[in-house]
Amino acid sequence: MTGSPRGLRERLVTELRATGTLHDDRVAAALADVPRHKFLPGIDLGRAYSDDAVVTKVDADGRPISSSSQPAIMALMLEQLGVQPGHRVLEIGAGTGYNAALLAHLAGAAGEVTTVDLDDDIVAAAREHLAACGFGGVRVVQADGGHGWPPCAPYDRIILTVGAWDIAPAWVSQLSPRGRLVLPLALRAGIQYSIAFEHAAGRLDSVSVLPCGFMRLRGAFAGPETVVPLGSRTGVLAESEPRPADAEDLESLLTRPGRAVSTGVRVTFMDLYGGLGLWLAAREPGLGRLSAFGVAGPAPCAGAPDPAAAARRPGMGMVASAHGCAALTAMSDPGDEGRAGLRTAFEIGACPFGAEGTELAARLAGHVRDWDLAGRPSLAGLRVSAYPAGAGPPGEQRATVIDKQHTRLVLAWPDAGLSPG
Ligand SMILES: C[S@@+](CC[C@H](N)C(=O)[O-])C[C@H]1O[C@@H](n2cnc3c(N)ncnc32)[C@H](O)[C@@H]1O
């Protein structure tokens, strides 16, 4: 890709508008003005202005722990956040400092932006990048963002650019009464949604919910989810809470599939991400997720006519016990998961593995049918309420409740008169 940095930024803004990602003129102006490449030294201009996340730090096992997030999701979250001139803003996850610069652009000269990161080296680099681009007024702090940043509270806006498993009490108490909190929040099995919350009576209520995928919060408020690399089946990860069967057992289980259970329900990849995935995350406490990269994946399931399909998209939903597991599988060719393929319908089934696999596959298939019968609830119309742990609606709504350490989440579709319990 060639062109001046300004031209490349304008091209990215045009692309984000064309794909329906970017609508807000003030967010567009921030993206057009702030030079992302200066927050990514050593990265070539083409990459700095592509719509991709750029990893900037990995841990000892090579897993990414810091990055500049994908511009599309940053734009969506900034629109969710709705920063106005003069706002006091807290960001948790300073990373390169780029998003903090966008926040400072939106908050203007009368605003105040504080950004927090866990690691000294990340903080030092973010500070340097921000100063070099004229955003020296942004306060960059080394701290565990799970505690917020009390000295500058209350905040009109708080944003996490790192995935949380729970809503830490400090984020609620440091948010002004008319403030808004936007965070990538994992429901179950690392399935995250970017949720914008505002205060309501004794709780937070969502005002918008979007799918997203962020690296996880580290430190005192890190979640209990476990990610288990499955040995020789390179690139396959099992992710769940509680911890699935021993990684080696799970790996060997995945080589011995039984016969797929059909559900009679046809879905698209859009349904998997926005509807069925959400339903499973809301309903199945034992949910896990298998992620496969490249050609690795569980052995194809008997009865799933396109073996490649099973390998390409395994385990968007997986349930595991000590003696078996089951994972969603395509029963007919799902086609290519490219843009057009997202809307191609295929039948979804459940593939059993191991001694208890049949029972688990029947349970998974039951969830799929329930979701269909409930009118295929999706992100549209979903309201997430967050109560302090132990509070919130009792009894009959329990099936929509996800209890975290500090928070009770309640999922409902009020306009459809539906609480899926
Ligand atoms: C995806 S990056 C943030 C991207 C950043 N906003 C940018 O524009 O470059 C996530 C960041 O969250 C930080 N992080 C993880 N756990 C944290 C915690 N408990 N407190 C503060 N920062 C944390 C990581 O060190 C990492 O830099």
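Axes here are lines fitted to C-alpha atoms, for helices over the stretch in contact, with angles running from 0 to 180 degrees between N-to-C directions. This is a predicted model, where local features need pLDDT of at least 70 and side-chain atom pairs pLDDT 80 or more, while totals for chains, interfaces and linings use all residues. Residues are numbered from 1 along each chain as its sequence is written, and side-chain values use heavy atoms, without hydrogens or water.

**Helix α9 with helix α11**
- Helices α9 (residues 269-283) and α11 (residues 357-373) have axes that come within 10 Å and cross at roughly 115 degrees; helices (H or I, at least four residues) and strands (E, at least two) are DSSP runs, numbered from the N terminus.
- On the α9 side, Asp 271, Gly 275, Leu 276, Trp 279, Leu 280 and Arg 283 meet Leu 364, His 367, Val 368, Asp 370 and Trp 371 of α11 (contact means heavy atoms within 4.5 Å).

**Helix α4 with helix α5**
- For α4 (residues 71-81) and α5 (residues 98-107), the axes come within 12 Å and cross at roughly 40 degrees.
- Met 74, Leu 78 and Leu 81 of α4 touch Tyr 98, Asn 99, Leu 102, Leu 103 and Leu 106 of α5.

**Asp 205**
- Asp 205 sits in strand β9 (residues 203-211) and is buried, at 13% relative accessible area (buried means under 20%, exposed over 50%, partly exposed in between, with a 1.4 Å probe and protein chains only).
- Its side chain makes polar contacts with the side chains of Arg 203 at 2.8 Å and Ser 385 at 2.7 Å (a polar contact is a pair of N or O atoms within 3.5 Å, one able to donate a hydrogen and the other to accept it within protein; residues adjacent in sequence count only if both atoms are side-chain atoms).
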